[in-house]
Amino acid sequence: MKILVVGASGRVGSLLVNKLEKSGHEVTGTYNSKKLDIKNSFKLDLHSSVTEIAKLVNGFDVIYFVAGSRGKDLLQTDLNGAVKVMMAAEKVGIKRFIQLSSTYALDQSRWDEGYLKDIPDYNVAKFYSDSWLINNTDLDYTILQPSALTETPATGKADFQLTELSENSISDVAEVLAELIDNNNTIKKVILMGSGSKNIADALAEI
């Protein structure tokens, strides 16, 4: 498949591109400032109009939105940037859309717990971008909401029946994202992800 990874220069995005390419997909990544050292890439300014973004994303089978501003541009990148890419996808007829979000982004009653209480504006951005994807598009979406990202070795395991805050290796998150396109049972689903004991492939199959 022809896959576009929006935010390929990030910690998750760079690993995701690598995993998708190893699976045989034709992958293109986007960057904002520093050009990517991968075969296919182009610059995408998420401040651009929907029309401009649509011209760039036309022709892909799947879009991953894993871009993030690390708190520096939450409204324009994490929230409205995501929404504009969704609009652009629909404008050019792309159906499959996979979005990286955050634990309990859609459950405001949990935002005063643990590390979530320290990122209120990020929670808001993810709440509204996730909500738009679910309620205002006809995209075949999957939203992955992992727990706190850690730069620890991959475990190859996960838990998708999350009841409390947890942690996830960045590599495990990228692995789950890469496998979502082969699991149609995840379409129209919001998936909470935490550390666990089940192999990722087995856990995804049970969703």
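**Entry 1: Val 5**

I looked up Val 5 and listed its contacts, where contact means heavy atoms within 4.5 Å. Leaving aside neighbours within four places in sequence, Val 5 is in contact with Gly 13, Leu 16, Val 17, Leu 20, Val 27, Thr 28, Gly 29, Thr 30, Tyr 64 and Val 66.

A note on what I am reading: this is a predicted model, in which local features need pLDDT of at least 70 and side-chain atom pairs count only at pLDDT 80 or more, while totals for chains, interfaces and linings use all residues. Residues are numbered from 1 along each chain as its sequence is written, and side-chain values use heavy atoms, with hydrogens and water left out.

**Entry 2: The cores**

Next I looked up the nonpolar cores. A nonpolar core is a set of buried Ala, Val, Leu, Ile, Met, Phe, Trp, Tyr and Cys residues joined through side-chain atoms within 4.5 Å. Buried means under 20% relative accessible area, exposed means over 50%, and partly exposed is in between, with a 1.4 Å probe and protein chains only.

The largest nonpolar core has 31 residues, and Val 5, Leu 20, Tyr 64 and Leu 177 are those with the most contacts inside it. I noted the elements that give two or more residues to this core: strands E1 (2–6), E2 (26–31), E4 (62–65), E5 (96–100) and E10 (189–199), and helices H1 (11–22), H5 (170–180) and H6 (200–205). H5 gives the largest share of this core, seven residues. Apart from this core lies another, of 23 residues, among them Leu 46, Phe 65, Phe 97 and Leu 133. In soluble globular proteins, nonpolar side chains tend to be buried together.

**Entry 3: The whole chain**

I then stepped back to the whole chain. The protein chain has six helices and 10 strands. Helices (H or I, at least four residues) and strands (E, at least two) are DSSP runs, numbered from the N terminus. The radius of gyration is 16 Å, close to the 17 Å that the globule rule gives for 207 residues, so the protein chain is as compact as a globular protein of that length. Here the radius is taken over C-alpha atoms, and the rule is 2.2 Å times the number of residues to the power 0.38.

The C-alpha atoms fill a box of roughly 40 × 35 × 30 Å, taken along the principal axes. Of the 207 residues, 49% are buried. I also looked at contacts between residues at least 6 apart in sequence: 68% of them join residues at least 24 apart.

**Entry 4: Thr 186**

Is Thr 186 buried or exposed? Thr 186 is buried, with a relative accessible area of 0%. I found it in the loop between H5 and E10. Beyond neighbours within four places in sequence, Thr 186 is in contact with Arg 96, Tyr 141, Thr 142, Leu 180, Ile 191, Leu 204 and Ile 207.

**Entry 5: Asp 61**

Asp 61 lies in the loop between helix H2 (50–57) and E4. I noted Asp 61 as partly exposed, with a relative accessible area of 38%. Setting aside neighbours within four places in sequence, Asp 61 is in contact with Met 1, Lys 2, Ile 94 and Arg 96. I also looked up Ala 89, which is 28 residues from Asp 61 along the chain; their C-alpha atoms are separated by 9.7 Å.

**Entry 6: Two positive phi angles**

Arg 70 is not a glycine, yet has a positive phi of about 55 degrees. Arg 70 sits in the loop between E4 and helix H3 (74–91) and counts as exposed, at 65% relative accessibility.

Tyr 104 is also a residue other than glycine with a positive phi, near 60 degrees. I found Tyr 104 in the loop between E5 and helix H4 (120–135). At 5% relative accessibility, Tyr 104 counts as buried.

Where is Asn 40? Asn 40 is in the loop between E2 and strand E3 (41–43) and counts as partly exposed at 27% relative accessibility. Leaving out neighbours within four places in sequence, Asn 40 is in contact with Val 27, Thr 28 and Gly 29. The C-alpha atoms of Asn 40 and Thr 30, 10 residues apart along the chain, are 8.8 Å from each other.

Last, I looked up Gly 114, in the loop between E5 and H4. Gly 114 counts as partly exposed, at 39% relative accessibility. Ser 166 is 52 residues from Gly 114 along the chain, and their C-alpha atoms are separated by 9.7 Å.
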